[in-house]
Amino acid sequence: MPRCRWANLSNPLYLKYHDEEWGVPSYDDTYLFEMLLLESFQAGLSWECILNKRESFRESFDNFDYHKIAAYDSQKVNELLQNKNIVRNKLKINAAIKNAQVFISIQKEYGSFSNYIWRFTNNKIIKNTTGIIQTHSDLSDKISADLYKRGMRFVGTVIIYSYLEAIGVLNDHEPTCDKY
């Protein structure tokens, strides 16, 4: 099957992610938070690195339960900082906690995080028809600025662009890809 050029053919996890997950529209708040957390940890690293550690993140971050994460204390932060199976960055760990708190406040305001994120496109999937690989857009700039204003961290426009691709708001599969 033809795939996007970035899909590492030698990594089964990466291929499965590309083939079954990336770019598939999601409306499930638990999954939306999982991807937000993983994308924020990806900052400065490769997505493949994070994907390879995904199950360790799942285990370490209580199955991405944002209610539990929002209540993490300094003891839990120290525990995470000692975990060699995840990215041990104190700023990113603290951001995950703060982002979970903001995520919950957005849910309260909009009924769900899904309602919040999809409203930026009027519930429409934006398909890249140019074939030009982008790292940010007006849409990611706008969402990034709004999340940052609400108190989230590690949500810059490049991270949010990748996030929107991951959750299917943006369909950025390459024209030669079978998923295009």
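In this predicted model, helix 1 gives the most to the lining of the second largest pocket, with four residues. Helix 3 (47-52) and helix 4 (54-60), like helix 1, each supply at least two residues of that lining. The volume of the second largest pocket is about 180 Å³. Its lining consists of Leu-13, Lys-16, Tyr-17, Glu-20, Glu-21, Leu-51, Asn-52, Arg-54 and Glu-55. By class, five of these residues are charged, three are nonpolar and one is polar.

The largest pocket has a volume of about 450 Å³. It is lined by 22 residues, of which Trp-6, Trp-22, Gln-134, Ser-162 and Glu-165 are the closest to its centre. Eleven residues of the lining are nonpolar, seven are polar and four are charged. Helix 1 (12-20), helix 2 (29-42) and helix 10 (157-166) each contribute at least two residues to this lining. The most comes from helix 10, which gives five residues.

Helix 10 is largely enclosed by the rest of the structure, because seven of its ten residues are buried. These buried residues are Ile-159, Ile-160, Tyr-161, Tyr-163, Leu-164, Glu-165 and Ala-166. Just after helix 10, Gly-168 adopts a positive phi of about 85 degrees.

Ser-137 is located in the loop between strand 1 (126-127) and helix 9. With a relative accessible area of 16%, Ser-137 is buried. When residues up to four places away in sequence are not counted, Ser-137 touches Thr-157 and Tyr-161.

Cys-4 belongs to the segment before helix 1. Its relative accessibility is 3%, so Cys-4 counts as buried. Leaving aside neighbours within four places in sequence, the contacts of Cys-4 are with His-18, Trp-22, His-173, Glu-174 and Cys-177. Cys-4 and Lys-179 are 175 residues apart along the chain, and their C-alpha atoms are separated by 8.5 Å.

Aromatic side chains were examined next. A search of the whole structure gives 15 aromatic pairs. One of them is the pair of Tyr-116 and Phe-120, which is edge-to-face, with 5.2 Å from centre to centre and 90 degrees between the planes. Both members of this pair are buried: Tyr-116 has a relative accessible area of 0%, and Phe-120 has a relative accessibility of 16%. Tyr-116 and Phe-120 belong to one aromatic cluster together with Phe-33, Tyr-66, Phe-103, Tyr-110 and Phe-113.

Two lysine side chains are placed over tyrosine rings. Lys-76 lies over the face of Tyr-72, at 5.1 Å from the ring centre. The charged end of Lys-127 is over the ring of Tyr-180, at 4.2 Å from its centre.

Backbone angles were also considered. Most residues other than glycine have a negative phi. Asn-63, a residue other than glycine, has a positive phi, near 55 degrees. Asn-63 is in the loop between helix 4 and helix 5 (66-70). At 53% relative accessibility, Asn-63 is exposed, because the cut-off for exposed residues is over 50%. Asn-122 likewise has a positive phi near 55 degrees. The loop between helix 8 and strand 1 contains Asn-122. Its relative accessible area is 60%, so Asn-122 is also exposed.

Terms used. Residues are numbered from 1 along each chain as its sequence is written. This is a predicted model: local features need pLDDT of at least 70, side-chain atom pairs count only at pLDDT 80 or more; totals for chains, interfaces and linings use all residues. Side-chain values use heavy atoms; hydrogens and water are left out. On a 1 Å grid over the protein atoms alone, a cavity is a set of points where a 1.4 Å probe fits but cannot get out, and a pocket is an open set with protein on both sides within 12 Å along at least five of seven lines; lining residues have an atom within 4 Å of a point. Grid points are joined across faces, edges and corners, and a volume is the space filled by probe spheres set on the points. Ala, Val, Leu, Ile, Met, Phe, Trp, Tyr, Cys and Pro count as nonpolar, Asp, Glu, Lys and Arg as charged, and the others, Gly among them, as polar. Buried means under 20% relative accessible area, exposed over 50%, partly exposed in between (1.4 Å probe, protein chains only). Rings of Phe, Tyr and Trp (its six-membered ring) pair if their centres lie within 6.5 Å; planes under 30 degrees apart count as stacked, over 60 as edge-to-face and the rest as tilted. A charge sits over a ring if NZ of Lys or CZ of Arg is within 6 Å of the ring centre and within 35 degrees of the ring normal. Contact means heavy atoms within 4.5 Å.
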